[in-house]
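User: I would like to learn how to read strands and helices in a model. Please take me through a case.

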Amino acid sequence: MVIMFHCFSNRAPTGVLAMAWAVIEKIIVAVLLMASASYLGWRAYRSVFKKNSDGCICDGCPSSASCSKKK
Amino acid sequence: MNRVITIALAGNPNTGKTTIFNSMTGSHQKVGNYAGVTVEKREGRRKYKGYDFHIHDLPGVYSLTAYSMDEVVARDFIINEKPDVVIDVLDSTNIERNLYLCLQFQELNVPIVAALNLNDEAVSRGIQIDEKRLSEILRMPVIKTIGKNGAGVEALLDKAVEVFERKEKPDYEVSYGHELEGDIQVVIASLEKDGAFCARYPVRWCAVKLIEKDARAEELLESHAFADGVKAALKERVRRIEEHFGRDASTVVSEQRYGYIHGATAEAVTRRPVDKQTVTEKIDRVLMDRVLGFPLFLLILWLVFQTTFTLGAYPMGWIEMFFGGLSSVATAFIPEGILRSLVVDGVIAGVGGVSSFIPLIVLLFMFISILEDSGYMSRAAFIMDKFLHIFGLHGQSFLPMIVGVGCSVPAVMAARTLKNARDRIITVMVTPFMSCGAKLPVYVLLAGAFFPRYAGTVVLSMYVVGTLLALFSSLLFRKTVLRGESTPFVMELPPYRLPTVKGILWHVREKTFGYLKKAGLVLLPASMLIWAVTSFPKPALDVPKDVQMAQSYAGKIGKEMAPVLAPIGFDWKIGIAAITGFAAKEMVVSTMGVLYRVEAGPDRKSDSLREALRRDPAFSPLVAYVLMLFMLIVVPCFASLSVIYAEIGWRWLLFAVTYWTALAWLLCFIVFQTGRLLGF
């Protein structure tokens, strides 16, 4: 709603909308950052201690499709 | 319900096993026109005529004598997993050498179907194989195949079903001649005293291997109930063989096998004399020339890089424009605040910075796959072989180094083909000096920004410096911590083959998807985190962005590192970017995207990252080159480290990490300080 307001009015929200938006965007950013940190931490843990679902230890590297399975 | 048939796809290196595996299973495993592409077994499935085929692609090996890890993998699979059928892929152009392994499979008494692959090449060289006659002599089905177009693959599956359904014990008869057969029978008789042992292992194979003094067979013998009796009989027989033939018993066994093969091929193979030079010989006369070979190799590499840069510049510009547009759209849609900053300065700047290099990755790997599939890479290894020998490595170490141009992870694993543990450790420690595909965006960004006219040459220099460092490091290790001579190795030179469009497209698709996957799964969340550490804590007063960033967490960490970074010419931002490369090398680019976009401000949103770097006073062509050197030498990414740990253990890993870090800093210090003194 705030984004639509911003797009159509081409100005920043004011009043209650501005206060609500300030809270909402902080929550969105916090959730995104926490999700990113948890996901990367989980990947790092898995690359050391666990295999991926396909048994490959390096998915995401440029040669992942040719990567052999961990013994 | 379908019946399951387990197939082991085995054979010598570079006979086209993986091509047949791909044809059978419809998968897209990497194939290459050089030996040792597969270092571990892979599994694929296929439903065919009411059967479920579980197909295992084993590493290519020359024999089943457990010298190297790939031979152990292949041999243990056949002995322990007991596949229903072994499909032995034979190179029809070199049938004698390939049958040597086939005979060893026969000794294991496993059901075999032989695939006479590369039959088209054999015909063009005047080699005609009578597969029916060969099948009668060797007492196993023989099918002609051409892996690259799938010819004969279904016939192979049909024959595998037939062998599986027959349920009969194979009836092979590998003859070692009257003299040796008597000795083998004596050893067999002593082994047969333990019924449980005979049920577990093929007795004839054990007897022959024991006469060959095979270490693994000797280990197996320890589990025999009457091991001492067998050892006594064996000792007596080996002594007799060596006295009678005047040679080592293992040599005698090997000669007898070749004698049997010679007899079989004399009956089933005819060779029409081909008086004209083959295409391979004609090309090799130029490319393998003693004087011209090495300069031509360098020229080919230079052309690859220069063409990649010239052609790749156009689509790179389009992608930069796209992300510039995306940035403007996001700015228009999202109200000013931290969310807009996260999306524009974190996500779009970080991921966009890396994504613009996709065309270069596609082009470079397209050229590399053409060189690999054509057979030139094996020649490159041969040309490098004499240099490698001087530095205590041999040509076989060059294969992992070639693979390292793609990614260090499979490259480190490819070092398993080395038989000597010392050679393997050295190769693993020097392979990361080969610039992997992930380092390429860093080179391209910096070379494009600071050496626009000579970008291709500058990037090529990184590959040359990397190779030289690998050579000097191996010499250093060989003279100090890993003393010893390199083991002899004969380089295999496959014939030149015209790369197929399908094969090249597979390679390119694999690299591109891998790169995109990494951009989405690693670089996107990482860019958000980097944005956070460069944006927080927020200053109380409204200060310029560069001041705010210097006061951020990243700025504080960077300033702590300043005493170490300043002597090599890095300011805190370059230092932070370099450190993030530990997670993944492309991260350096996405981190710079975040750091420099944050600083550039909203009025410069459409500028490329290269322009932003050029404007930074901390950067100069000298600093850019030193940063490239640092990225080349310093510790490889996290994924590579975990594989290196698995391959050589934590002690050597710790040694390697210390060595890489110290060498990176020292070399960068020398180059930067010398460059500064010379006025660069």
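Analyst: Start with one bridge: A8(B) has H56(B) of β3(B) as its bridge partner. This is a predicted model, in which local features need pLDDT of at least 70, side-chain atom pairs count only at pLDDT 80 or more, and totals for chains, interfaces and linings use all residues. Residues are numbered from 1 along each chain as its sequence is written, chains are lettered from A and ligands numbered from 1 in the order in which they are written, and side-chain values use heavy atoms, with hydrogens and water left out.

User: Which strands pair with β3(B), and in which sense?

Analyst: Two strands pair if DSSP finds at least two bridges between them; helices (H or I, at least four residues) and strands (E, at least two) are DSSP runs, numbered from the N terminus. β1 (residues 3-11) of chain B runs parallel to β3(B) over 7 bridges. β2 (residues 42-48) of chain B is antiparallel to β3(B), also over 7 bridges, and there G44(B) stands opposite I55(B).

User: Where is the kink in α30(B) centred?

Analyst: The bend at a residue is the angle between axes fitted to the seven residues ending there and the seven starting there. In α30(B), a kink of about 120 degrees is centred on G649(B).
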